[in-house]
2 protein chains.
Amino acid sequence: MPKRVDYDQRRREIGAALLRIADTRGLQAASMREVAAEAGVSLRLVQYYFRTKDELLLAGLGYLGEELSARVERHIPRPPTPRGMVTGTLTAVLPTDAEGRRLTRTYAAYYALALAEPKLAAQHGATYPDLLERFLANQIRSAQEAGDVDAAHDPATVAAGLLALTNGLGSSVLGGQRDGAAAQAILTYHLDGLFGGSRP
Amino acid sequence: MPKRVDYDQRRREIGAALLRIADTRGLQAASMREVAAEAGVSLRLVQYYFRTKDELLLAGLGYLGEELSARVERHIPRPPTPRGMVTGTLTAVLPTDAEGRRLTRTYAAYYALALAEPKLAAQHGATYPDLLERFLANQIRSAQEAGDVDAAHDPATVAAGLLALTNGLGSSVLGGQRDGAAAQAILTYHLDGLFGGSRP
DNA sequence: GTTTATTTGATACGAGCGTATCATCAAACC
DNA sequence: GGTTTGATGATACGCTCGTATCAAATAAAC
């Protein structure tokens, strides 16, 4: 028998190379050969672990989702207050540091591809923002019950608005319109308006 | 001499074909040959009017900008009230109808390309959102002077927030998370909060 | 130490890409 | 009315793409 290799880890390494290219040069530049070079392996190896390019792209999207989830969880404060949960989650999605910029850029690349290839979105895409939005809506409901947020607000509407605002701010950062700190400030400005007098 | 042809109009026709492809199949699918086929002309003709593909892509971005500007102006109400100007401008950027969906999708395709090819953004990209944002900030300042908006707000921050919110909502519509009407409703909800008791 | 299942390497194929070249057409001008 | 010149057509080149094919190397099992 041959030397045994951790199949999943090898796939992750190659997937990471793909995401690195998507971040720095866009998914248009992510050919099988370029991914192989970036991962430091042969083209044949990429083909061995991913039968087709579509399979590679789909797996890459999965890994990106994992990275995003991990980052969001890492940004949830201890102990978890309602405002802290909302602020942390949204800040995680914002490109405020190198990792955030990388993830936001990579996500944008996949988003554009999914617009043209709906099968990508169908398999994995639309669920993630939906989850995030529902999570936020629940947090806002909790904050209302704790008296930190005006009960007149509709949690789902507020959550959708906050997430859209954050995504839009992220786009403007990637577009060079402002830096991460400025985006963060605008987000905080809105959160201050939402959470009456309570401090995070 | 040969039959004289309206050079600019021909370029516009070919550019329109490019934008149509960018909308329906993404810019990855926009090869010179595909653009020629979509425009119903020969490959040579596309090369004649645009020496290189980069030139075609850049011109297409210019035409897209013109279409966007025209749509925004068309959405400014008569007579122009402060809230009407802000609402109209933001609604124009939202994919609430077929034209809006087309423009937002095409813009998203260019945005993703510009992330990977900064020269595109350098020539044309970052100026447009900036103009929009400054325009909005001025409108909000006017609304404050008219007493329609709380003077405690910072116009630039509010304008940036509104535009980011609108862009984020547009992304969620393209992503299939909600339809144009729902996005519009969320935007209106925020505008209601901003413009105290005044009606549009 | 041979065997053998698994992992890696080298290379080829057909298609599509951007671009360039050469030829042709048709209308305006002298 | 031939000549010039802008507009169009047909085709080819070199390259990269995704994918497939054919070997070779490797290390656990006996």
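Predicted model: local features only at pLDDT ≥ 70, side-chain atom pairs only at ≥ 80, totals over all residues.
In general, a pair of copies of a chain is related by a rotation about an axis together with a shift along it. The contact surface fits this picture: 100% of the interface residues of chain B are interface residues in chain A as well, so the copies meet through the same surface.

How many residues take part in the contact between the chains? There are 33 residues of chain B touching 33 residues of chain A. As for area, chain B and chain A bury about 2,600 Å² between them, and carbon and sulfur atoms account for 60% of that. Three residues stand out on the chain B side: B:L115, B:Q177 and B:Y189 provide 22% of the area that chain B buries against chain A, more than any other three residues do.

Next come the polar links across the interface. Between chain B and chain A, 12 residue pairs are in polar contact, counting pairs with both residues at pLDDT 80 or more. Which parts of chain B give two or more residues to the side that touches chain A? They are helix 6 (98–116), helix 8 (127–145), helix 9 (155–174) and helix 10 (180–194) of chain B. Helix 9 of chain B puts in the largest share, with 10 residues. Sorted by type, the residues on the side of chain B that touches chain A come out as 17 nonpolar, 10 polar and 6 charged.

Charged side chains also pair up across the interface of chain B and chain A, where 2 salt bridges are found. A salt bridge joins the side chains of A:R178 and B:E133, with 3.2 Å from N to O.

Most peptide bonds are trans, as a general rule. In chain A, though, the bond joining A:R78 and A:P79 is cis, with omega about -5°. Where does A:P79 sit? A:P79 lies in the loop between helix 4 (53–74) and helix 5 (82–93) of chain A. Over in chain B, a cis peptide bond runs from B:R78 to B:P79, and omega is near -5°. B:P79 is placed in the loop between helix 4 (53–74) and helix 5 (82–93) of chain B.

Definitions and conventions: Residues numbered from 1 in each chain as written. Chains lettered and ligands numbered in written order. Heavy atoms only, no water. Contact = heavy atoms within 4.5 Å. Buried area = accessible area lost by both parts, 1.4 Å probe. Salt bridge = Lys/Arg side-chain N within 4 Å of Asp/Glu carboxyl O. Polar contact = N/O pair within 3.5 Å; in protein donor to acceptor, adjacent residues only side chain to side chain. Helix = DSSP H or I, 4+ residues; strand = E, 2+ residues; numbered from the N terminus. Nonpolar A, V, L, I, M, F, W, Y, C, P; charged D, E, K, R; others polar.
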